[in-house]
Amino acid sequence: MLLVDGRGVPLSIVVTAANRNDVSEMAATLDAIVVPRPPVGPWRRQHLCADAGFFGRAAQQEIVDRDYIPHVRPRGVEKRQSAKGQRPRRWVVEVTHSWFTRFRKLLIRYEKLHRSYEALTMLAAAIITFRRIPTKINVIYG
C-alpha cells in the first residue's frame, strides 16, 4: 500500500500480503504517514484521491474520520473521463509505482522475512524522496 503527495513523494508505505484487500489496509496506510500533516481546519482541508477499489461507505468513512475530503470515483466514471482525454488524479501514484520498479531488488520479492523487504522498500522510498528535492547536483543517479 502506498500513499503519495501531489508530486509523487511517498508519504506512507505499508507492506502486506498479496491476498489482502486494499480497503482493509487503508486505515493502516493513512495512520502510517511519516511526515506530520499541516494543521487542518475549515479553511484548509486536504484532499485524498483514490481508485475505485476504495469506493464504499466504510472506506469513505475512514477517509472522512482522518479529516480528508474523499475523491473516489466508481469504475465507469474513470473510463469515461479517460475516453475524453482527461487522466485520473491518481496517475501520480502509478508513476511512483513505476519509480519503485526501477529498483530491481524490489521487482520480484526474494526476501523471506517481512522486515527485510520492508527495509528495502523504505530505502527505495528515501532515494525517491531525495531525487524529488530540487538541487543543482544529482548525487544519486539511477
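## Exercises on a predicted model

**Exercise 1.** Determine which helices and strands supply at least two residues each of the lining of the largest pocket, and which of them gives the most.

*Solution.* Strand 1 (2-4), strand 2 (10-13), strand 3, helix 1 (26-31), helix 4 (91-101), helix 5 (104-107) and helix 6 (114-132) each supply at least two lining residues, where helices (H or I, at least four residues) and strands (E, at least two) are DSSP runs numbered from the N terminus. Helix 4 gives the most, with six residues. This is a predicted model, in which local features need pLDDT of at least 70 and side-chain atom pairs count only at pLDDT 80 or more, whereas totals for chains, interfaces and linings use all residues. Residues are numbered from 1 along each chain as its sequence is written, and side-chain values use heavy atoms, with hydrogens and water left out.

**Exercise 2.** Describe how strand 3 is joined to strand 4.

*Solution.* Strand 3 (residues 46-50) and strand 4 (residues 68-72) run parallel and are joined by five bridges, at least two being needed for DSSP strands to pair. Within this pairing, L48 has P70 in strand 4 as its bridge partner.

**Exercise 3.** Decide whether E25 is buried or exposed, and list its contacts.

*Solution.* E25 is found in the loop between strand 2 and helix 1. E25 counts as buried because its relative accessibility is 10%, and buried means under 20% relative accessible area, with a 1.4 Å probe and protein chains only. Not counting residues up to four places away in sequence, E25 touches M1, V14, T16 and R20, contact meaning heavy atoms within 4.5 Å.

Notes: Buried means under 20% relative accessible area, exposed over 50%, partly exposed in between (1.4 Å probe, protein chains only).
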